[in-house]
Amino acid sequence: MEHSSLPSSQPTVIEKVIAFVDERVGLKQMQAKMLNEPVPGGSRWAYVFGSVLLFIFIMQAVTGILLMFYYVPTADHAYASTQYIIHDVDYGWFLLSYHFWGSTAMVVCVFAHMSQVFLWGAYKPPREMIWLVGLALFGIVMGFGFTGYLLPWDQRAYWATTVGVEIMDKTPLVGDFMARFLKGGPTPGQMTLSRFFVIHVMILPAALMGLAGLHLFLFRAAGPAGPFRGTPEEIKAKTDFFFPRQVWKDIVGMAVVFASIVAMAFWEPVVLLEEATPDPGDYHPEPEWYFLFLFQLLRLKIFAGEFGQFLGAIALPGAFMALLAALPFIDRDPERNIFKRPVALIGWIVVMVAILLFTVSAIINREFLD
Amino acid sequence: MSDERDVSPTKIGLGVLWSAFWTGLPIKLAFVLVFFAMDLMHFENRLGLGFLMLLASPVTVFAVPIITMGLESHIGEGAGIALLFLLSIPIDIWALGLVGRTYFLEKFRKEPPEGLGVTLWWKSAVVGAVFLPLVWFIVGTVTSTAISMAHSLMELELLKGVPVAERIAVELSLWGSVSTVVLIVLLLIGVSLVGRIIRSTAATARPISDSYQNIVKRWDLMRVPADQGLVLTSITLGGVVLAVLFWAALPVTTPHPHECCKKPDAKAEPIFKPVETLNKDEKMIAQLAMQIDALEKQKAEAEKDKGKGKKAGSEAVAPAPKKKP
């Protein structure tokens, strides 16, 4: 009798569908696991970079697929099809410019994410594997930038790739093979474009998806590191679930990055140079801005000659990456507060200042060349 | 419990201004995009700086017009810049109020006074109006002096043989470090001034004697709106309106055409109206036919006259006898 007075107890169609899926895959348990993860010390803006990077990657995939509807990856048509995207396809200029600035945003966010993990001491045990997989992801993001740069097939693309492959050629043992494999001939041509295209749209996205999944899995297994400062009482008082505060912060972070990329697409939309030719003419080859510091470093006299070029292009960056990979195993001190780790803090500042100094130097150097 | 007098004013200023900047940024950015799409804003030089000054509007709202007019530094053009500054005022008041209240509770453990957002906004704006043009002038002068000094240093006979790349790096390090240090010191002084204002406001506020857990709960709940449904609906509607405006104003083709792909200046073809065109053509054909008739008549008459003239001429002049070869 009492049941008859409760007509709303009947589940709706949506609830039935959810119950059906839940029964089979454990949807509610999965949701609870994902959203109810405790964040030690509460939500923070500093934690948004991982989610923002995932968002940028999804947007890059979406814009990249849309661009592929029009782009023709052949040496004869790559330039013309890119110009067609910019000038004839509705909103094509915006799509391409978004994709271009999205790649820059990805590099910036990777730098910010790595810096945050480093400064927070979040690479220390038990999070060494997360750090190592993160380094591999950093390499993949750089690879995306390098391979994507050739695709418009203008002078800038052609010569940046030529310089990049020449640098790669200096790697001992595998350098010659890698350079020949990427170029597919004595000079960049159809084979180079095909190989770069396949790496850019198939190999790297697959690798990134796999490693990003592994990165997330390892992160969930080890749990967030939390703040490096504060008394246990303060951290306990502020500890919160991942949903809703951190989710909200992540969404705001994504919105800010999205808006910044769109603003850059308006400010500096992609404008191609002349079509690629083996003659640079008046154009002074240079790589994408995030490789500029390395390019300028190689102009120093100390890095002149065959050995100097190897030292500057391969040995130094290689040693730096090796040091980063070994960092969790070298730095065994459990102290995470960056203000109590002077070597780490000074090291980070020196690296950042050096990158900034040589990047700006490369920009000033253009005036001397022009 | 920490007293506001124990905390350094630089730390207070940085804590409030930094958080307020990020709190207002997403809303301002949405307007920036719409103004860009509507072609209402252009930055000519010092792009990044101009953009940052625009978004850091709690302290730059009066300072930027002073710098633009007084120091003749042009950051850009367009009604969008002024409009964005106007729109930023309520956004900044809200952001400073929210951050200020949180800061008072969490760091000072004091009851935030009424109208904290407005108080902090106008005081920061006044400090910015006086201090930022001064910073602009000093840093500009120091930088240009440092550049010329670094340049003349590298021109010394002793250093003339230094290669270009090394020379650029050394010059940049010299003048860059000088201007960076001056800029950082001046900015810290400015932030500390704002911090002193916040500290003086806190001095008159009433202290709270509650557990830390309860204070955290209180400032956390301050960020949760009373009517969540209403706020969510308003944000969604606002977002939809801005998105529609953005896509409606976004240029379909690139506003930056390349040399290779300039389109010919196409003239708009007149609208084709079949009946009118037929009538017009018929009239024209009839007119042309009449003209042809008139011309043919004229020609026939002229030939007739010519024929008559020839006949008369041949009768008057006898033909010459033919010579035998």
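In helix 7 of chain A, the residues A:Gln155, A:Arg156, A:Ala157, A:Tyr158, A:Trp159, A:Ala160, A:Thr161, A:Gly164, A:Val165 and A:Ile167 are buried, a residue being buried if 20 or more other C-beta atoms, placed from the backbone, lie within 10 Å of its own. Helices here are DSSP runs (H or I) of at least four residues, numbered from the N terminus. The cover over these buried residues includes helix 6, helix 8 (175–183), helix 9 (190–222) and helix 13 (305–330) of chain A. Helix 7 of chain A comprises 15 residues (155–169) and should span 21 Å at 1.5 Å a residue, which agrees with the 21 Å between its end C-alpha atoms; the expected span is 1.5 Å times one less than the number of residues.

The model is predicted: local features need pLDDT of at least 70 and side-chain atom pairs count only at pLDDT 80 or more, while totals for chains, interfaces and linings use all residues. Residues are numbered from 1 along each chain as its sequence is written, and chains are lettered from A and ligands numbered from 1 in the order in which they are written.

The largest nonpolar core holds 53 residues, of which A:Val52, A:Leu53, A:Ile56, A:Leu96, A:Cys109 and A:Ile261 touch the most other members. Such a core is a set of buried Ala, Val, Leu, Ile, Met, Phe, Trp, Tyr and Cys residues joined through C-beta atoms within 7 Å. At least two residues of this core come from each of helix 3 (49–68), helix 4 (78–87), helix 5 (92–119), helix 6 (128–150) and helix 11 (242–267) of chain A, and from each of helix 1 (9–37) and helix 5 (79–108) of chain B. Helix 5 of chain A provides the largest share, 13 residues. Apart from this core lies another, of 31 residues, including B:Ile91, B:Ile93, B:Leu105 and B:Trp136.

Between the chains, 32 residues of chain A are in contact with 29 residues of chain B, contact meaning C-beta atoms, placed from the backbone, within 7 Å. On the side of chain A that touches chain B, the largest share, 8 residues, comes from helix 11 of chain A.

Within chain B, the axes of helix 5 and helix 8 (residues 212–222) come within 9 Å and cross at roughly 175 degrees. Helix 5 of chain B is therefore roughly antiparallel to helix 8 of chain B, a label for angles over 145 degrees. The axes are lines fitted to C-alpha atoms over the stretch in contact, with angles running from 0 to 180 degrees between N-to-C directions.

Definitions and conventions. Buried ≥ 20, exposed ≤ 12 C-beta atoms within 10 Å, placed from the backbone. Contact = placed C-beta atoms within 7 Å. Parallel < 35°, antiparallel > 145°, perpendicular 65-115°, else oblique.
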